[in-house]
Amino acid sequence: MERVPESAVLWVLGLPFAGFLFHALLGGWLIRVLGERTGKWLVGFVGTAVVLSAFGFGWQLYQWLLQQAQPQHAFTLADWLRIGSLQVAFEFLVDPLSVLMVLIVTGVGGLIHLYATGYMAEDTDYARFFTYFNLFIFFMLVLVLAGNFLVMFIGWEGVGLCSYLLIGFFYRNAQWKENTDAANKAFIVNRIGDAGYLLAMFLIFSLFGTLSFVEVNAQAQSVLTAGSATALAIALLLFLAASGKSAQLPLYFWLPDAMAGPTPVSALIHAATMVTAGVYLLVRVHPLLLMSPTAMGIIAGVGAITALFAGTIALAQTDIKRVLAFSTVSQLGYMFLAVGAGAFWVGMFHVATHAFFKALLFLAAGSVLMALHHMGDIRQMGGLARVLPLTALTMAIGVLAIAGIPPLSGFWSKEAILLSAYGAQPLLFWVGVATALVTASYMARLWVLVFWAPPAHEVHVERERYWSVLGVLILLALGSVAFGWLLPGEKAFHEFLKPVAESASPLPEAGKSFVFGVALGASLAGLAFALMRYRRGVPQPEAQLTGIWGVLHRQYGYDGLMRKLGVEVGGAIAMFFTIIVENLIDGIVMLVGLLTRGLGSLLRPVQSGYVRSYAFVMMLGALLLLAAAFVYGLR
Amino acid sequence: MESIPLNAYLTLSAFLFAMGAVGVALKRNPIVMFMCIELMLNAANLAFLAFARYQPTVQEQVAGHIFALFVLGVAAAEVAVGLGIITVIFRLRETIDVDEVNLLRE
Amino acid sequence: MVYDYVPIALLMGIALVIAAVMVGGSWLLGPRRPTPAKQSPYECGMTPVGSARERFPIHFYLTAMLFIIFDVEVAFLYPFFVVLRELPPETRAFALGVVGVFTFLLVIGFVYEWKKGALEWEDPVEHRRLKPEPQPAPAGEQP
Amino acid sequence: MPAIRYTHGRMEATVRPEIEWNALLPLMSLIATATLVLLVEMFLPRGRHAPLIVIGLIGLALAGYFQISLWQTSLTTFENLWRVDTISSLLTLAILGATALTLLFSEEYLQQRDLRYGEFYPLLLFASAGAVIMVSSTNLMVVFLGLEVLSLALYVLAGLARYEVRSEESALKYFLLGAFASAFFLYGIAMLYGATGSVDLMAIARGWGNSAPGTATSAMLIASVALLLVGLAFKASLVPFHMWTPDVYQGAPTIATAYMSAVVKVAVFGVLIRFVEGAAGMAGLWAPILWWLAALSMVVGNLLALVQRDAKRMLAYSSIAHAGYMAVGLVSLNATGLSGILYYLVAYSLMSVGAFAVLTVMARAGDATTIEALRGLYYRQPFAAHAMAVLLVSLAGIPPTAGFWGKWYLFVASLEAGQVLLAILLALTSVVGAAYYLGLVFALYTPPRETVERWRMPAPMAACLLACVLGLILLGLAPSWLTAPARQAVEASATRVSSGLP
């Protein structure tokens, strides 16, 4: 086996980190010294350049991998811990799965960086933004390149941290309270998932004696009994971890609020990359999941339900970014459906296509927001196609792609997912079809309300002015069109991932045309419905959010319930703890504290400040020591 | 000449050392305290030289002699530094009584 | 043997006699007009009797310190030169080199104290820089 | 090979000793640098120190380069007076690093406090030379000379603030008690010499093996080990020989405190590691004693740190506690413990130099280092506050910093050695420690009562703090970069000692 081009891996990881250090140490200073214009240009340039260069090295890794007979190449950077039986190294894994993610993260990520140089151009915290952004890319790359659970955990926590920092990025403006609340919410909900990750990791270590992905995957069949409770526990804990990061039921509700961050953040972290980490984790360790068919069923079921659930909620959202956020949750549900159905590569396929079109949609939404001075209520918009022609066009491509209209990228991955669901469980298939219908209609609703329908009010609109914004939109639109059939076709993609993420059973050939027809029909129906209903603007009951629309808008009350649970039940528990436990513990802690402090104070006078008494104590100590030595030394 | 037994040297040395140690703990004048420390160093030197006399090989004997010489040098350097510190304290406080020098405590 | 001490005893006797003659002679023959300066044991330098707390120039100490350190360091040279002649030639060169380094370091120390003005009896730098009450106690000090 | 032969009652020196000059290059370049700095300082106008710092840093880099080129070599030269192995290399590099860091932030403090004494720099370098000598030999004559070179320079550094009573008081206390402890140490050497005819630490176990119980020789050896321990425990500030520590740390100029807290610990624990190796055969005697010293240091250090109101004094007591933690590694008598000490020493140097470096920024406010005065440091100097927070977190032993792994290795070592009680004590006292460290962190970020001006951070000091913080995080993330060579060094040294090689 040939050696991994370690330098390429190190460059991929090191460049974003160097960018982070650059911005953290010099960014603010540069902007002060070089002036607003040049300084920001330099910071933005470095921020983007490191990520795009990392993409270059990622591409080098990809080319190298294509020539290898063996799919998986682990390499150890350095020893990390070596305590007793626990030996963990800084271990990285280069295989089609990780390289695919590296390309997505650095490629789409690089484009979003480029976009952000325009989007954030007027922000005072320009350098801080790129500091966090580059740091995020670094941690995300650590996550995807990790060769064992612990290294991945570094990335896992790191991206969580960056997500937290970026959601609460606008802490200076009027909505700072909501923003920081949203950040806290994301952070806290994610901790539940992390608990799952840690428990799974400990369980795996105790059973396998190793944390390395390659070894754990290889030994999954021999260590775990198929269908055993242990296998179920591991799989479900991993799924809990994944559903925290990837916003699935029951932990999805942090993601919509996370839209409080800047739009490039929503595009990069909360649509294209970080939220897919859960899917990536499950695919990475899929041999463990295969040991528990029950867990697989649960994953598929939860995915399907989340997809439909979030899709319907998206129908009644009024904020442009929240529509997209629920759409993300819904699409992530699709990916989990594919994973649960055993079609692992299909899940990753949708991760890839989704990265393109969802990033495109978010960035186009960002362009709209820039034009409207960050007013995001779609009920107030309308007819923007004339003012923002390029945005309208590219967003239309995104809408068609996510709706699954051939030959755009979304079509291929969605077909594959539905096909795998069809093969696994017909009920799930029908849920998926319903989701496709809903998806098409809420996306079309969004586009029609923003760009086509007559405007409800006169609003002041600014024209598109940043070349970086438009250029990125066009590039991503091209990607959304071509991915899946032209650039790498579905077949080529499958071939590439086959060695590491082959589906448990081949996709059914028989129902292919049936699935194709039903899904396409559902999508077209959804599009047509929305076009008809919204071409003159939002109908009254919907605009007032009464009746069913209100229920949907309020996420079926789930968010409120969770808030209640969090605040009131949590409050009750907290009350309990304050009254009984805390007082008790406080009492004990106080007592211990007082005792130790008292002991300390008792000892204090010994330190009298008199050098003679110090000498005296020393002499006594020496005498005592001598005496002790003779006592112990007498043989 | 009749040689003095090793024990005599060692007894004297131990006595000097103990006297020095007690002196450091009891005296108030830092110069006297320092003299007591010198006494302890010299007790060690006496022990070195006495031991050197009873070593079997010249190599081992010389080690003791050299050490004694080094201790002399070190003691001289300590005198210089110590007296320097004491004179500075005297300039600042007009006293060198160690019991009056205790701003730093607890 | 006891006889070995005879010369020493003789020497002590002669010394005693000479001292007695000198002191007695001046007592008998000299005029007596006492002044405070004459009454002190040493007619120059510091007054030996009186309060031990009395201030005297710090330079006595400084010079003594400088003296003792060089004095003792130079003592290292003595055993060296005792054995130097007995060394074989090639070792002798090496040994001289080592002692050269040692002496060089001592000379640097000497140059340093010279340059710093430690050998000046009147120390202009020190006098100028002595501040009367330099240190306000920092806040939060322990009582 | 003997340098001196005995013939017919006359001494006749013959061959000159075989000298491996390479092994001495680091020390020689360090001393040459110190001398050069001394000479240059004479001719510079008062208060201009930049050339001294530059020369010093270059010299340290040179010494470090020579030491790194000796990495992995293991030899003794100068008739076994000088030893180079991975332990000495690691410790020497730690000493050089701590010195370089001190050089970086000292000038600002000297200027702010109007302490324009150029002597500071040569003294610092000479002190480092002393410390390097201490860790590079097992011969107690050499160790003693190194100890004195280090200590004498430190006495002067402690009293550097000539017009300040506190500084002089600390110097006087340090000097009197230090010389007192040196006398004990020296007498211990004399006893060892008397018992074995050698002053090498490695002779202890041999002498113990050869001496019959109850004889004068064995009594002298016992006394020797006890007295050596007294001297070393004083320098390491282990309870009950710790009493000078808080007074000296508080009174001395903060730059001197920063330096001595790191370098003295490295040097003394270097000697203690050799001591443990050399006297392993007598462990039954000294291990219980060190057990008590470690336990008392951890308890007393942490408890007294808890009630301090001055940050410098608090850190002084905490340094006593840290010495106690490291002594746990000595007591456990295994490779994990000794290599854990090596790791801890490096980590502690970074933490301690960094923490005191942050305290030097208080020189602008009359050098008040009470916790009250430090309140709201974040609003004056955010970078210093952030750095201090990391350093304190590491001192408290919270992951992912190096402080955690240091404690962890020592904890594991004492468990491996079956010292369960000591391990529990280590854990419990660490919890007490976390309380006062984190209390200080909170104080740093508490808004100040009145509006404060922002302070500028000089670039060299920023570089120093950054180096400390990054070093700690790096060592925390990848502890095996240091523990692997440390363990290897300890094991190699142990094999060498047990097979009787020099």
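User: What makes α3(B) and helix α3 of chain C roughly antiparallel to each other?
Analyst: This is a predicted model. In it, the axes of α3(B) and helix α3 (residues 59-75) of chain C cross at roughly 170°. Angles over 145 degrees count as roughly antiparallel. α3(B) and α3(C) are therefore roughly antiparallel. Their axes come within 8 Å.

User: Which residues meet there, in α3(B) and α3(C)?
Analyst: From α3(B), they include B:L72, B:G73, B:A76 and B:L83. From α3(C), they include C:Y61, C:M65, C:I68 and C:E73. By class, this contact has 12 nonpolar, three polar and one charged residues.

User: How many residues are in contact between chain B and chain D?
Analyst: 40 residues of chain B are in contact with 34 residues of chain D. On the chain B side, α1 (6-26), α2 (30-53) and α3 (58-93) each give two or more residues. α3(B) gives the most, with 20 residues. By class, this side of chain B has 30 nonpolar, six polar and four charged residues.

User: Which helix of chain C has the lowest mean pLDDT, and which the highest?
Analyst: Helix α6 (residues 124-129) of chain C has the lowest, at 47. Helix α5 (residues 89-115) of chain C has the highest, at 87. For chain C the mean is 72, and 65% of its residues reach 70 or more.

User: Where in chain C is the pLDDT below 50?
Analyst: Over residues 124-143. Beyond near neighbours in sequence, this stretch has 21 contacts in the model. Where pLDDT is low, the predicted coordinates should not be read in detail.

Methods: Residues are numbered from 1 along each chain as its sequence is written. Chains are lettered from A and ligands numbered from 1 in the order in which they are written. This is a predicted model: local features need pLDDT of at least 70, side-chain atom pairs count only at pLDDT 80 or more; totals for chains, interfaces and linings use all residues. Two residues are in contact if their C-beta atoms, placed from the backbone, lie within 7 Å. Helices (H or I, at least four residues) and strands (E, at least two) are DSSP runs, numbered from the N terminus. Ala, Val, Leu, Ile, Met, Phe, Trp, Tyr, Cys and Pro count as nonpolar, Asp, Glu, Lys and Arg as charged, and the others, Gly among them, as polar. pLDDT is the predictor's confidence in each residue, from 0 to 100. Axes are lines fitted to C-alpha atoms, for helices over the stretch in contact, and angles run from 0 to 180 degrees between N-to-C directions. Angles under 35 degrees count as roughly parallel, over 145 as roughly antiparallel, 65 to 115 as roughly perpendicular and the rest as oblique.
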